[in-house]
Protein chains: 2
Amino acid sequence: MTQEIDAYRPVVGDRTVSTIEEAASDVADMHILNINSTYRGGGVAEILDRLVPLMNDIGVKTGWRVLHGSPDFFKVVKKFHNALQGDDINFTSMKQQVYLETNEAFSTYTHIDHDCVIVHDPQPLPLIQFYEKEQPWIWRFHGDFTQPYMPVWQYLEQFVSEYNRAVVTMDTFKRDSLSIPQDTIMPSIDPVSLKNTELDEVTKDKYLKKYGIDRDKPLVTQVSRFDKWKDPEGVIAVFDTVREEVDCRLVLLGSMALDDPQGPKVYERLVEQVEDRDDIILINDENDILTNILQRESAVIVQKSLREGFALTVSEALWKQTPVIGSQVGGIPLQIADGDNGFLVNPHDHADVAKKIIYLLQNPELRQQMGENGQETVRQHFLITRQLHDWLSLIHQTRQHQS
Amino acid sequence: MTQEIDAYRPVVGDRTVSTIEEAASDVADMHILNINSTYRGGGVAEILDRLVPLMNDIGVKTGWRVLHGSPDFFKVVKKFHNALQGDDINFTSMKQQVYLETNEAFSTYTHIDHDCVIVHDPQPLPLIQFYEKEQPWIWRFHGDFTQPYMPVWQYLEQFVSEYNRAVVTMDTFKRDSLSIPQDTIMPSIDPVSLKNTELDEVTKDKYLKKYGIDRDKPLVTQVSRFDKWKDPEGVIAVFDTVREEVDCRLVLLGSMALDDPQGPKVYERLVEQVEDRDDIILINDENDILTNILQRESAVIVQKSLREGFALTVSEALWKQTPVIGSQVGGIPLQIADGDNGFLVNPHDHADVAKKIIYLLQNPELRQQMGENGQETVRQHFLITRQLHDWLSLIHQTRQHQS
C-alpha cells in the first residue's frame, strides 16, 4: 500500500515521471518536514497521505508530524479558520492562550533539524515562534483568506509574516497586504486512488445494484455535500425542466459535514422532496468507489454550486471522461473550458443550466468528445504528479532564495 | 503549561530532583524517540503527555510520534490487545495485513536517527521490521501478557524478539518464555496535575455542592469504572452492613469505558439499586477535579476490585492522606501495606471488608496516621519523578549494553 511513483507511469507517461525525478534530484539532499493537525479526515490529510510517501519514494526524505491538540484547541482553531474565511467570531484572549499553549507544548518534544518546514493551515501556524528558525518555513493555506474577519487576521498575520513564503490554492486567493511572497499550488486528484482508478464491470454492477441505481436511462449526477452552497434543491428544479424534454434520472450523492449544523436540515428537506419519485435517487453516504462509478457512468455531471473553494469533484469527473456543467464560481472555471470539456453556467439561471444538460443528453458524440478533452485537461493540470512537481520546484526555489 | 522539573521541587525535594538531573546528565547527549498510537485518551497518552516534556526540560532531547492508523487498524489492534490479555479472537490474515501495512506506510515518512527508540503497546510493535536497526529499541507494554491467546502471541513475539528489551508495569507481568531481557517500571501519578494537586476550600465547596454531596456525614468512596470487575454492587452490599454500625454516605464515582459493551448494563442496575436512597450517591462522570476532591474529603477510600491491572486510583487516594481498603489483586498489594496505610482484603469476604471500613470510620486518629503513612508510600514509590528516574536509568543501561 506504500505509494510508489512507478504506479503513475502508465497514467502520465515516462517523460513526466522523469521530469519529477529530475526535480527531486535538485532537492534530494534535503530533509523536508510537513506539519498539520490531523492524520485523518479532510482534504489536507488525504493529500499528505499520498504526497508524503511519494516524496520519500522519489528520494526526498520527507516527514509528516501531526500537532497534538485537545478538543478545546480544535474548537478554537475551527473558529479561527471560519474567521479567516470571513465569519465574525468572539475573539477572546482565552482562545489565543489555548492556541499558543498547544503549539508551545508540541514544540517542546518536536525537534526540528530539517532543511525546510511546511506548515499547513492555521492550527500549527504559531509553531514558528517556538523555534530558532534555521531553515525556510512555508505556510500552506488550503482556504480563502482574502476577506477575513480582521481582528483574527491581524493576530494571525504576525505569525504568517515570520514565514518565508505562503502558498495558496488559487491565484485569486493571494492576499495583497501580505508582506511575504505568495505562490499558488493548485490541488489535484490521485488517478491511482480508489476514488479515481478504473473499475471492472462486476464491481460497477454490484455497487449500482446495492444502491438501487438502474442504468436503463441516462444518469445526471451531482456529487457534493448536502449544504445550501451546493444548491441541491436548485439541481432538482433544473432537473424537472430537463425531464420535460428527456427521460433520465437524477442522482444526488453526498454526505453532511460533521461540523455543519445546517446539513441535516438541508438533507431532510431533500428527503421530503424526492419521496414518491423514482426518477431521483438521493444517497447520503461517503463512498469512494460509488463516487468513482457515478462519475464514470453518468451522462452528465453537474456542479451547480453557489460558492466554492476549488471543487475537485469537477476534475474527478472530467478525469473519467464525463462532461461537467459547472457554476462560474471558485476554482470551477480553472477546470472547465466552456464548450470544450463541459459548460460554465450562472447557477442562478436555471433555464440555461437545464438547456445545457438537455443539449448534452441529446448529443452523445459531443459528450464523448468533451469527455476526451476533459480527461486531457486533468492529465495536464490536475493530477497529483503535477502537484508533486510544483512542491519540488518550490522547495528548490526557496532554498535558492535562502542561500 | 509546559512541564517543568522545578514544579516538583516543593513536592519531592531538591535532592530527588538532583538525582534525576544526574541521571539525565548520563544520557544528555542522546536523542530518544517514543512512538505510541494516540496522543489523547487513555493512560499511555496521559503519561507521555507529562513525561516527554519533562525529559526535554531536564535536557534529554526526547521526541514523541503517533502512528497514523485508520479506524480499521484500530479495530484490529484492539483485538490484538485483548488477545494478549487472554481473549480468543478470530485471527485472520486480513488482520495481519492491515496491521503490517499501517506500520509500513508510517515508516516511509518517519525517519529515525535517534539513539534509542521506545515503542508503546502492540499497535506500533512491528515498526521495527521496517528499519535498519541502528540503536536500541525498547518495547513498553502497559498490560498483562502472561496469559495470552497463543496464536496471537506467537505472531507478535516475532516482533518483540527483535527488540533489545521489554518493559512491563509489574514484576509478575514478566513473561518467562520471552527471549529478551525484561524490566519493570511501575506506573506513577503526577502530583502537580489537576487530579492530584492541592485544592482550595472554595473550589471544593463549589464542586461538592454542584454534585449534591453533603459533608454532614463521613464519606466512603470508590472511584472506578462501572464494570463488573470493579464490583460496585458488592461495594453497596458491604456499605449496607457498615450502615448498621455507623451513619455515613457512600459515593460511587465512575464512568463507562467506551469499548465495554457491558458498562451501560452495570450502570443501569446501579441506578435502580440506589434510587430512593439518600445515603448513596452515584456519579457517572469523568472529572479530574471531582476525583481529586472525593479522594481528599472521604474518610475511607475503597477499591474492592475482583481483578485489576495496577489500580493507580489507590496511589491517588493515598497521596491525599486518605487510607484505602483494597483487594489483594493486581498492583494493589504493591501500594497498600496492610495495617500501615490501609487494609488489604479478600474482595469476596464482605463481612471483613465491612469490618475494616467500620474500624476506620470509628478511629479518626488511626485514619490520620494511616493517611500520613500513605502519602509517604506514594512519595517514595509512585510519583512521576520516580518513573522519570527509572526511564533515565534504563536508557543509560541499555546504551551500556549496546556499546
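Residues are numbered from 1 along each chain as its sequence is written, and chains are lettered from A in the order in which they are written. In this predicted model, local features need pLDDT of at least 70, and side-chain atom pairs count only at pLDDT 80 or more, whereas totals for chains, interfaces and linings use all residues.

**Exercise 1.** Describe how α3(A) and α4(A) pack.

*Solution.* 
Step 1. Locate the helices, which are DSSP runs of H or I with at least four residues, numbered from the N terminus. Helix α3 of chain A comprises residues 71-84, and helix α4 of chain A comprises residues 93-108.
Step 2. State the geometry. The angle is about 115° and the axes are 9 Å apart; axes are lines fitted to C-alpha atoms over the stretch in contact, and angles run from 0 to 180 degrees between N-to-C directions.
Step 3. List the residues in contact (heavy atoms within 4.5 Å). D72(A), F73(A), V76(A), V77(A), K79(A) and F80(A) of α3(A) meet K95(A), V98(A), Y99(A), T102(A) and N103(A) of α4(A).
Step 4. Classify these residues, counting Ala, Val, Leu, Ile, Met, Phe, Trp, Tyr, Cys and Pro as nonpolar, Asp, Glu, Lys and Arg as charged, and the others, Gly among them, as polar. The contact of α3(A) with α4(A) has six nonpolar, two polar and three charged residues.

**Exercise 2.** Determine which residues of α5(A) are buried, and where they pack.

*Solution.* 
Step 1. Apply the cut-off: buried means under 20% relative accessible area, with a 1.4 Å probe and protein chains only. In α5(A), residues 150-160, the buried residues are V152(A), W153(A), Y155(A), L156(A), F159(A) and V160(A).
Step 2. Examine their directions. They lie on the same side of α5(A), because they cover an arc of only 165° around the axis, taken from the directions from the helix axis to the C-beta atoms.
Step 3. Identify the partners. The buried residues of α5(A) pack against α3, α4 and β4 (137-140) of chain A.

**Exercise 3.** Describe the contact between chain B and chain A.

*Solution.* 
Step 1. Name the leading residues of chain B. Y39(B), Y109(B) and H111(B) lose the most area to chain A, together 27% of what that side buries.

**Exercise 4.** Is N196(B) buried or exposed?

*Solution.* 
Step 1. Locate N196(B) in the loop between β6 (182-184) and α6 (201-210) of chain B.
Step 2. Compare with the cut-off. N196(B) has a relative accessible area of 3% and is therefore buried.

How values were computed
Side-chain values use heavy atoms; hydrogens and water are left out. Helices (H or I, at least four residues) and strands (E, at least two) are DSSP runs, numbered from the N terminus. Buried means under 20% relative accessible area, exposed over 50%, partly exposed in between (1.4 Å probe, protein chains only). Buried area is the accessible area (1.4 Å probe) that two parts lose on being put together, summed over both.
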